[in-house]
Amino acid sequence: MNGNIPAREITPRETFLSRRRLLQTLGIGASVAATGGVYAWLADPGPSPYRTSGRGPREGDGGGAAVSMADTLTPPETFTHYNNYYEFSTDKRDPALLAAGFKPRPWSVTVDGRVAKPRTLDLDQLLSLAPAEERVYRHRCVEGWSMVIPWLGFPLAALLKAAEPLAGAKFVAFTSLLDPARMPGQKSSVLRWPYVEGLRMDEAMHPLTLLSHGAYGEALLPQNGAPLHLVIPWKYGFKGAKAIVRITLVDTQPATTWNLYSPADYGFYSNVNPSITRPRFSQRFEDRLGETVDRRPTLAFNGYAEQVADLYRGMDLAKDY
Ligand code: MTE
């Protein structure tokens with residue numbers, strides 16, 4: 001994502017247009033029909049004010065359903081073949097190939113730090129903590145592209161509450177897997193490893209913040225961060241760490257990988273914000289992958305202002321901190 005890295009930023013539009021013509025992805029119902037039922041939609045993902053059901057968005061869904069009338073699901077091939085995953089490669093086309101043999105089981109996640117009940121859970125224990133919900137969210141990368149993804153997962157709050165946060169817990173630090181033998185990109189010093197990210201405690205507890213383990217009705221593929229990918233839909237995509245192995249509640253703002261790399265481009269908060277121009281990436285517009293419309297204006301908080309703007313009351317939104 002940085003200028004020193006030969007990242008091929010956005011796949012040529014024609015590639016995605018042809019995929020779009022192929023799939024004619026016009027909403028969830030149409031997607032299922034067009035792909036012969038490739039997605040196994042959950043019959044009853046459980047009640048949530050934020051989930052959409054197995055249908056296309058309807059008028060009145062508004063922010064609560066987290067997808068607007070103007071949004072169309074991104075073709076699954078785009079989601080699974082256009083990936084930022086530096087543990088495997090700096091080229092977005094490589095993770096689908098290079099991570100194909102990566103086994104996300106056995107897996108365990110440690111929750112520790114300022115909690116009354118620190119614990120290490122294996123994946124089955126973790127998945128049994130809360131029912132899987134389907135959440136269709138806009139997914140916005142700081143590089144200027146966006147997608148619309150039907151994630152499966154549960155609120156991160158369910159995991160944090162189970163560990164019983166102590167009063168001193170002000171931030172949450174996320175650590176991705178460090179394993180150069182399985183993640184060839186970690187043999188390069190392109191970033192400091194392991195990949196680390198962080199949220200303020202109230203951001204981590206917000207009901208939109210999702211610990212995702214699936215998408216498009218299936219378990220996550222390795223290139224999408226299997227088995228666990230954090231999703232914070234009002235922030236730039238790099239805030240959502242993949243392949244999480246440790247979640248630590250701390251009292252001070254944790255260091256984060258991209259912020260260490262280039263603080264001017266990658267602030268700690270990094271809420272989607274069209275008015276903050278970053279040295280490498282103007283944020284006024286975005287390119288919705290898989291769509292025919294040229295560029296669309298970037299929405300403040302990626303369109304989730306109604307749900308999250310209150311978290312930042314008193315902070316100067318023209319700054320990224
Ligand atoms: N997490 C780890 N561990 N390593 C990464 O390189 N890339 C981030 C984020 N999480 C990244 C990561 C970036 S820049 C983006 S845009 C999203 O993952 C991409 O997620 P996706 O491939 O599922 O769309």
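This is a predicted model: local features need pLDDT of at least 70, side-chain atom pairs count only at pLDDT 80 or more; totals for chains, interfaces and linings use all residues.
A polar contact is a pair of N or O atoms within 3.5 Å. The briefing below covers the surroundings of the ligand, the salt bridges and the backbone geometry.

**Ligand site**

- The side chain of H139 places an N or O atom 2.9 Å from an oxygen atom of the ligand.
- The side chain of N224 likewise has an N or O atom 3.0 Å from an oxygen atom of the ligand.
- The ligand taken alone exposes 530 Å², and the protein buries 100% of that area.
- The largest cavity is the space taken by the ligand.

**Salt bridges**

- The count of salt bridges in the model comes to 17.
- One of them joins R114 to D251, with the closest N and O atoms 3.1 Å apart.
- This pair links distant parts of the chain, the two residues being 137 residues apart.
- R114 belongs to the loop between β1 (108-113) and β2 (119-122), whereas D251 belongs to the loop between β10 (244-250) and α8 (257-261).

**Backbone geometry**

- Most residues other than glycine have a negative phi, and most peptide bonds are trans.
- Against that background, the peptide bond from W193 to P194 is cis, with omega near 0°.
- P194 is located in the loop between β5 (171-176) and β6 (196-200).
- A cis peptide bond also runs from A226 to P227, with omega near 5°.
- The loop that holds P227 lies between β8 (218-219) and β9 (229-231).
- E164 is not a glycine, yet its phi is positive, at about 55°.
- The position of E164 is in the loop between α6 (156-162) and β5.

Notes. Residues are numbered from 1 along each chain as its sequence is written. Side-chain values use heavy atoms; hydrogens and water are left out. A polar contact is a pair of N or O atoms within 3.5 Å; within protein, one must be able to donate a hydrogen and the other to accept it, and residues adjacent in sequence count only if both atoms are side-chain atoms. Accessible areas come from the Shrake-Rupley method with a 1.4 Å probe; for residues, only the protein chains shown count as cover. On a 1 Å grid over the protein atoms alone, a cavity is a set of points where a 1.4 Å probe fits but cannot get out, and a pocket is an open set with protein on both sides within 12 Å along at least five of seven lines; lining residues have an atom within 4 Å of a point. A molecule sits in a cavity or pocket if more than half of its atoms lie within 2 Å of its grid points. A salt bridge is a side-chain nitrogen of Lys or Arg within 4 Å of a carboxyl oxygen of Asp or Glu. Helices (H or I, at least four residues) and strands (E, at least two) are DSSP runs, numbered from the N terminus.
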